[in-house]
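Take a look at the chain below.

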Amino acid sequence: MIFGRDGRNGSVAKNYLFAALFAALLPLILISVLYDRYSAQLIDTISHSRAEGELEAVTSRMGSFLGGHLNRLENIVDLPETARFLGSGQPINEASDLLDFLLLEAESQDVYSIELLDPKGKVLAVVPSSDGFRGDVLPTTPIISFQNAEVVGPVLPADGYPGWFQFSLPVKVDHQILGYAVMRMRLASLTEQMQPLELEGIRTPQLVVFDRMKLKSTGAMATGETILQSSRAILPGWHLELVAQNDQLTSPRQTLRIVLLLLSALLAAVMVLLFLRLSHRLNTYLAPLKAGADAVSRGDFMTAVPETGPGELGSLAKAFNHMRRHLRDMINSRVESERRASLGNLAAGIAHEVRNPLATVVTALYGLKRQETKGDRIEMYDEIAEEIERVDQTIEEFLKYARPARPNVERVAVRDVFRSLHTLTAAKLMEHGVTLNLGGESRLEFEIDEAHLRQILLNLILNSIDALPQGGLISLTALRVGGDVQIRVEDNGTGMTEEVLAKVLRPFFTTRTRGSGLGLAVCAELVRSNGGRMDIESAEGKGTKVTLTFPRSAKRSGADDQDHPDH
């Protein structure tokens with residue numbers, strides 16, 4: 001839990017997440033229940049409407065099929081050559097136009113043959129003559145009248161012969177019947193058009209003729225089953241029916257309902273897992289905020305909160321870190337101000353109580369030294385004088401740190417400062433085998449207290465020399481970075497450990513035997529008083545880099561050369 005319990009309330013994050021989960025699941029459960037209640041009726045309605053449309057489309061297509069072939073037979077009847085042939089009683093001439101027309105009409109794969117009969121039903125011509133197909137009309141064969149035609153059949157396949165049906169139209173001249181034109185059709189060509197209505201295992205279509213002959217889409221006889229829907233008449237006594245196959249139509253519907261209910265349950269489970277995951281992630285992001293708040297309450301301002309949270313959580317973490325740093329800086333500034341006030345009073349007391357007696361001691365020592373003739377005593381007096389001078393110098397540094405002088409800002413040329421420092425430290429550099437490289441922008445100028453800048457850089461160079469007991473390299477570089485000036489002092493000396501680096505700017509902290517521990521503290525104070533910032537990077541055995549960043553209040557016109565100052 002992120003937030004503590006008071007006996008009644010748990011985690012705020014979990015409370016809100018579970019409330020949102022309940023709000024999301026309640027509509028889902030209601031919808032699932034209502035769907036389960038009305039799904040059967042809805043599926044029946046949809047299935048009925050769809051089946052009705054499909055049945056009507058197939059009925060229209062079959063009617064068009066029959067009407068089209070009937071029109072072709074009417075075209076044959078209307079030919080003058082047909083009437084002349086039936087009236088002549090002569091065999092058909094193979095070179096006649098009538099034979100060519102009949103052959104053309106009989107080329108359709110739906111037509112078995114076209115026959116011309118005399119008024120008594122005797123066959124006078126069969127096209128194609130090589131077909132060899134003959135079909136006998138049985139007493140039980142259905143015969144109906146449709147428009148001006150007589151429809152015979154359908155006749156089912158038997159004894160190796162395919163099923164068929166035929167159209168027959170009379171050929172008349174002056175209301176006298178000269179004969180008949182017959183088009184014998186392939187039964188399967190008609191029944192095959194029912195195939196789009198097939199749904200295997202669910203429903204099958206049937207062509208019903210006078211309710212005593214039911215045909216499948218293959219043209220074979222069908223068995224009577226549960227009728228789902230019937231069509232309008234295609235021909236008198238002919239219509240289509242959709243029948244269920246072994247009552248399997250309801251099985252897919254039931255399966256669909258079960259699948260949808262299972263999907264609803266699965267969705268609910270996924271939502272629960274998702275909300276639990278979100279709750280866990282939210283706790284993960286809020287836990288560091290609580291730990292950071294607890295750390296601040298204990299006075300620990302160094303514990304940072306990860307800012308990797310998404311959206312508002314990341315923004316909240318950034319705001320918390322900003323508040324923590326601001327509070328730390330404000331407290332440190334207040335502590336530093338009080339400490340400086342105390343050090344100022346202490347420094348004034350030391351200057352008064354220690355320096356005046358030291359001055360008396362130095363005067364007395366000078367008098368004793370003038371009267372002394374023994375060399376060993378004179379040497380002892382010189383060592384005492386050096387120690388007194390060192391104590392006085394320490395007091396001077398202490399005073400500078402406690403009560404730094406107000407900066408006297410002026411425009412300073414960095415090149416001149418670098419050259420003077422190189423000259424000033426040349427002897428010490430040579431003594432320790434150290435090389436000082438000067439680099440950067442030779443014509444760079446900015447506003448600062450020149451005395452402060454010299455003191456800062458001199459102190460840093462001397463510290464670098466102390467870090468190079470076996471000799472080495474010190475680089476002093478000045479560059480412009482944006483609107484600021486950066487001066488870098490870098491050496492390849494012994495470096496510092498992380499523990500030492502964390503304490504190096506504290507007053508009176510030193511790693512040297514004869515050090516006062518005020519050099520870097522004074523430098524940092526002088527940098528701050530000139531509006532700058534001092535950053536120290538160091539690694540043990542790899543050297544140290546000190547970066548001083550100062551604002552550049554004025555910009556020099558014209559191009560600046562990027563060459564190096566003279567050594």
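Two strands count as paired if DSSP finds at least two bridges between them.

**Strands E12, E14 and E15**

Strand E12 covers residues 434-440, and strand E14 covers residues 472-481. The two run parallel and share seven bridges. On to the next partner. E14 is also joined to strand E15, residues 484-491, by eight bridges. Here the direction is antiparallel. E14 and E15 make a hairpin, with two residues between them. Gly482 sits in that turn and has a positive phi of about 65°.

Strands of a sheet pair through backbone hydrogen bonds, either parallel or antiparallel.

**An open sheet of four strands**

Which order do the four strands of the open sheet take? The order is E8-E7-E10-E9, and the pairing is antiparallel. Strand E8 (213-215) and strand E9 (227-235) are the edge strands, since each pairs on one side only. From one strand to the next, the twist averages 25°. Strand E7, residues 203-209, meets E8 over three bridges in the antiparallel sense. Within that pair, Leu207 stands opposite Leu215 in E8.

| Strand pair | Sense | Bridges |
|---|---|---|
| E7 and E8 | antiparallel | three bridges |
| E12 and E14 | parallel | seven bridges |
| E14 and E15 | antiparallel | eight bridges |

**Helix H9**

Helix H9 runs over residues 450-466. Why does its length agree with expectation? At 1.5 Å a residue, its 17 residues should span 24 Å, and the end C-alpha atoms are 24 Å apart, so the two agree. A side-chain oxygen of Asp449 reaches to within 3.0 Å of the backbone nitrogen of Ala451. Which residues of H9 are buried? They are His452, Leu453, Ile456, Leu457, Asn459, Leu460, Ile461, Ser464 and Ile465.

The mean pLDDT of the chain is 79. Of its residues, 82% reach 70 or more. Over residues 1-9 the pLDDT is below 50, and this stretch has 11 contacts beyond near neighbours in sequence. Residues 554-567 also stay under 50. For them the model has 27 contacts beyond four places in sequence. Where pLDDT is low, the predicted coordinates should not be read in detail.

Notes. Residues numbered from 1 in each chain as written. Predicted model: local features only at pLDDT ≥ 70, side-chain atom pairs only at ≥ 80, totals over all residues. Heavy atoms only, no water. pLDDT = per-residue confidence, 0-100. Contact = heavy atoms within 4.5 Å. Axes fitted to C-alpha atoms, helices over the stretch in contact; angles between N-to-C directions. Expected span 1.5 Å × (residues − 1). Buried < 20%, exposed > 50% of the residue type's maximum accessible area, 1.4 Å probe, protein only. Polar contact = N/O pair within 3.5 Å; in protein donor to acceptor, adjacent residues only side chain to side chain.
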